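I would ask you to look at the structure on the screen while I describe its fold.

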Protein chains: 2
Amino acid sequence: MSYVNYSVETLKNFCEDIFEKFGFTRREAEQITDVLLLADLYGVQSHGTQRLVRYHKSIMKGCVKTDAKPQIVFETPVSAVIDGNAAMGQLTSIFAMNKAIEKARNVGMAFVTVRNSNHYGIAGYYTKMACDQGLMAICVTNSESIMVHTNSKQAILGSNPIAFAMPAEPYPFWFDAATTVIPKGKLEVYHKADKALHDGWATDETGKECHNAEQVLACIDGKKGVGGILPVGGISEASGSHKGYGYSMICELLCSITSGGATSNHHVRKPGQSAGTCHAFIVIDPKIFGDAEKIKAHLSTFLQELRDAKRADESVPIYTHGEKEMYAKEKHLREGIDVDVSTVLEMVNICRDLGIDSKKYLGDVDLSNAKETTYKV
Amino acid sequence: MSYVNYSVETLKNFCEDIFEKFGFTRREAEQITDVLLLADLYGVQSHGTQRLVRYHKSIMKGCVKTDAKPQIVFETPVSAVIDGNAAMGQLTSIFAMNKAIEKARNVGMAFVTVRNSNHYGIAGYYTKMACDQGLMAICVTNSESIMVHTNSKQAILGSNPIAFAMPAEPYPFWFDAATTVIPKGKLEVYHKADKALHDGWATDETGKECHNAEQVLACIDGKKGVGGILPVGGISEASGSHKGYGYSMICELLCSITSGGATSNHHVRKPGQSAGTCHAFIVIDPKIFGDAEKIKAHLSTFLQELRDAKRADESVPIYTHGEKEMYAKEKHLREGIDVDVSTVLEMVNICRDLGIDSKKYLGDVDLSNAKETTYKV
């Protein structure tokens, strides 16, 4: 694949202007861009600027409403239930996390749950918001059905990521992972490379283990309802399948069940309707356990012990969660971000649709290697 | 292995009398027994009455102090930090969970964290306490170091179970699982049966994948510090090792870090000292999201959809978490509990040490098949 390298500043300006053109206010465009760019900076490209085209599509179809505002429908001093009203997932989620932070500052801990939202980017963006302010946070979201749970061939649960962050030095503990064994993006990578899927990754429509990425993708993209990705822990209880299934359930219970929203299997894909995505934001102020600085120091020491553990292979470092992302961020701020040419072509197409001069942002790039996508608004 | 079948009532009377003889009050003996018996009823024998001998040992060595009382050392309306003072883990944990329930009833949600405790049985006992009262609950504990984290050959993290429960009909969602791919007990079963361990279960002292149960047990029991059980997700990031490692970290952060207690790698095994075990108890009243009955009905519907999903194999049912335990409980109440003869022999030995007539409880059983354990107080 060919890539074009852009500075973070270039992508930031581009995305902000585009989202403003989509119909958001400048402030909203900045907020959405900030979520997408963090994903690119952390090396989670599937959730970064390359997703622009999918958001555009959702907006054009009326699934994401640019003028909608999230609304608190139930509230206590420690909680809020928010109806996303089909607004942009990132905007609803920043609002929800700020509400959770405010409540946690007042009462010590808080739980804000959201229904009728849309895709919100990386879960870890929101835990980072709290963590940057010295707070512990948990954030989860459900998604379209993609996981075949233990002994099932039907996909009911979503990729259902769980994110958790807690302040530490020199970097926080920052965990953000789907409860499926792999993300859907990995199927696409293996498909393009014509590589066989590993054991314990996916099943076909009959519920049998499947090593053919194309076949699994056909199940998911074809909305067959059967076949999909396995939970972390694989296909059998012997390898812990029921555990990954359980973590995915915890995610689902925290967001869709508490909010009275759509569970992953009831998400919709209809023009004019939000996906029905649900999120949850839990914030805990470490001060409720005493001296927050002592707790931070205790965690920092423990993380260092984990990194300093005896290595299985001397040449392979041991990481704590969030460490790789810190390195990726430093690298990308220094060296820019590589965007594959097919994504650049999509960005150029969006500019054309919006009547914007793409060269102003993206330069005069050679797109002859770009794969024309089937993308049509 | 030979088994002796006892009614639940017999085991209950036996354990209560024994724990009273150990030095606990009648009420305390009843509480401890209730935790152990739930494990037996649910089919988690490793944490049931067969653990009696280990608790006896801990008491005789002064690691568990029968006269100690847990003590609140820091408190807010939503939280408490408790010093277990080396009391019996079950007693401290029932106290802590009751405190969390009381606070959650008052404020909507609560987080109670515990340090300087001891082994507390199954985590799911405590989430059940809250769930039986219509509340959501999370409970975690750390343990002796047993997990080799991703790219490490050193065991730092514990088995670190996460339990989660939420009310539903006809049975609640009740999840309780170690974040290691298998429990240590499974190594023992495979060792006795002379079977090769599965891929992704364990490493030897060099950090290489290991299929020899005896070798892994030698690492753990020999306190070598290297080699051990892998996280759910196995040995490599490709199978999600970093995810299981992450869940184990979340457990550790919630209990040992918030309580200022010992992380799993700093647990002690010294006469006269508590293990240093830490626990956390988080309770959420569904009323903070509105109508608790509607939320329960929403979850009940969703759980039924999961159980009714299309099966991968028509002959293998799909379960939701806690369902198998409900069936096991019904069976054991009806048919009694099978205790292996080696455990019965240990129980007889304890009676002898305490000057109790074991036949009064356990009958006149043939113990010729029992393996004499190396157990010495």
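Accessible areas here come from the Shrake-Rupley method with a 1.4 Å probe; for residues, only the protein chains shown count as cover. By that method, chain A exposes about 14,300 Å², and carbon and sulfur atoms supply 49% of this area. The model is predicted: local features need pLDDT of at least 70, side-chain atom pairs count only at pLDDT 80 or more, and totals for chains, interfaces and linings use all residues. Residues are numbered from 1 along each chain as its sequence is written, chains are lettered from A and ligands numbered from 1 in the order in which they are written, and side-chain values use heavy atoms, with hydrogens and water left out.

Chain A contains 12 helices and 13 strands. These are DSSP runs numbered from the N terminus: H or I of at least four residues for helices, E of at least two for strands.

Within chain A, strand β3 (residues 79-83) runs parallel to β4 (residues 109-117), and five bridges join them. Here A:Val81 stands opposite A:Thr113 in β4(A).

Finally, the C-alpha atoms of chain A fill a box of roughly 60 × 50 × 45 Å along the principal axes.

Note on methods: Pairing = 2+ DSSP bridges.
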